[in-house]
Amino acid sequence: MDLVLLEGTLADLGEPSYRALQVWEWTARGAGSYDDMTSLPKHLRTALADAVPFSTLEVVTERESRDGTLKTLFRTHDGHPVETVLMRYRDGRRSLCLSSQSGCPLTCTFCATGAMQFGRNLTASEILEQALHFRRREAVNHAVYMGMGEPFLNVDAVLASALRLRDIGITHRRTTISTVGWLPGLRRFVDEVEKPIRLALSIHAADPELRSELMPVNDRYPLDDVLAECRRYVELRRRKVFVEYVMLAGVNDGPQHARALAASLDPKAFKVNLIPYNPTGGFDASSRSAIEAFKAVLDRARIPATVRLTRGRDIEAACGQLATAPRTRRSAIRG
Ligand code: SAH
């Protein structure tokens, strides 16, 4: 529901200011409609149902992976596609992968979202509605802003929505915002958000030339400046930054790349997550032994590193696979 419209409508109806909070609390706890909100007078429930659509995202399709991962394709009221993923783990973790934009204007070469048409920034309400859709189905307890889009290109809506996720059952410590290193938004996040929301940086190469080939955004915001900002986050928040590194065979997965990565990271400030490449065209995935050898270099340098579990690949719900329009195949870059 559009929370700005909700507040305006309640004010127009002459309702007391606590009503907006009441409606939000019902919604955040998984109410399926205004009619479920039994502490509101009946006439108000009817008036709201007429004036403020309960959800502005329309479900287009929903798919479930063999591993239990769910992917939902939504459409915004003005026709833009948005994908959201729910990952279910055996230990009870229920992790949402939220989109911050429809498509993405950045053009990271290995990511399918970057190859589809960019639509627009999502509003805070549209981001929350993705979470609420799954909350109505089951309890959720983690969220990562790792769906479509670059969160720090849409920093106001991303931060406003992230702060409200707690009401849905996802604490700030279990909320992670992932960025390519878009500095203006990253600076605002570090300066303005005092809550312990976590930060992840998509790095993918430590060498500037290689990183620029893989992620053109590197020309605009050089990695040294981005890492300096991450260290400021670590000092202020006292939490490590996750570093994401997608493993591309013959491109960024050699021991020299691992040594360069280790040299650029302070073990007290960063934790590396190696991501097996999910096919999107253009690259080959690193072998398991190449990933292990890479990790061994990081281990020797005492840089904490884990290999990410791949989820939902059979339904194109895995990292980097969110896209809806037919995508252009990019040619491979060989390092
Ligand atoms: N734009 C933000 C948020 C998206 S996060 C960011 O890039 O951080 C999505 C994560 O999946 C990023 O770390 C991204 O680099 C990674 N990714 C993209 N394409 C991938 C692919 N084909 N296989 C595995 N990981 C991929």
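I count Ala, Val, Leu, Ile, Met, Phe, Trp, Tyr, Cys and Pro as nonpolar, Asp, Glu, Lys and Arg as charged, and the others, Gly among them, as polar. With that rule, the lining of the second largest pocket divides into 5 nonpolar, 5 polar and 5 charged residues. I am working from a predicted model.

**Second largest pocket**

I looked up its volume next. The second largest pocket holds about 240 Å³ of space. I found 15 residues in its lining. Asp 2, Leu 3, Val 4, Thr 123 and Ser 125 lie nearest the centre of this pocket.

Which helices each supply at least two residues of this lining? I noted helix H1 (3-12), helix H4 (124-135) and helix H5 (155-168). H4 gives the most, with 5 residues.

**Ligand site**

I then turned to the ligand. The shell around the ligand has 22 residues. Ser 178, Ser 202, His 204, Glu 244 and Asn 278 come nearest. By class, I got 11 nonpolar, 9 polar and 2 charged residues in this shell.

I also checked which strands take part. Strand S6 (175-179), strand S8 (241-247) and strand S9 (270-276) each supply at least two residues of the shell.

Next came the polar atoms. I noted a ligand nitrogen 3.1 Å from an N or O atom in the side chain of Glu 150. A ligand oxygen lies 3.4 Å from a polar backbone atom of Thr 179. At Cys 319, a backbone N or O atom is 3.3 Å from a nitrogen atom of the ligand.

How much of the ligand does the protein bury? Taken alone, the ligand exposes 540 Å², and the protein buries 95% of that.

**Cavities**

I wrote down about 30 Å³ of space for the second largest cavity. Met 1, Phe 54, Ser 55, Glu 129, Leu 132, His 133 and Arg 136 line this cavity. I sorted its lining into 3 nonpolar, 2 polar and 2 charged residues.

**Aromatic pairs**

My last search was for aromatic rings. A pair of aromatic rings is described by the distance of the centres and the angle of the planes. Across the whole structure I found 6 aromatic pairs. One of them joins Phe 189 and Tyr 233, at 5.8 Å centre to centre with 15° between the planes. I logged this pair as stacked, because planes under 30 degrees apart count as stacked.

What does the pair tie together? Phe 189 lies in helix H6 (residues 183-192) and Tyr 233 in helix H9 (residues 223-237), so the pair ties together parts that are 44 residues apart in sequence.

Methods. Residues numbered from 1 in each chain as written. Predicted model: local features only at pLDDT ≥ 70, side-chain atom pairs only at ≥ 80, totals over all residues. Heavy atoms only, no water. Near = heavy atom within 4 Å. Polar contact = N/O pair within 3.5 Å; in protein donor to acceptor, adjacent residues only side chain to side chain. Areas by Shrake-Rupley, 256 points an atom, 1.4 Å probe, with all protein chains shown as cover. Helix = DSSP H or I, 4+ residues; strand = E, 2+ residues; numbered from the N terminus. 1 Å grid on protein atoms, 1.4 Å probe; cavity = no way out; pocket = protein on both sides within 12 Å on 5 of 7 lines; lining within 4 Å. Points joined across faces, edges and corners; volume = space filled by probe spheres on them. Phe/Tyr/Trp six-rings, centres within 6.5 Å; stacked < 30°, edge-to-face > 60°.
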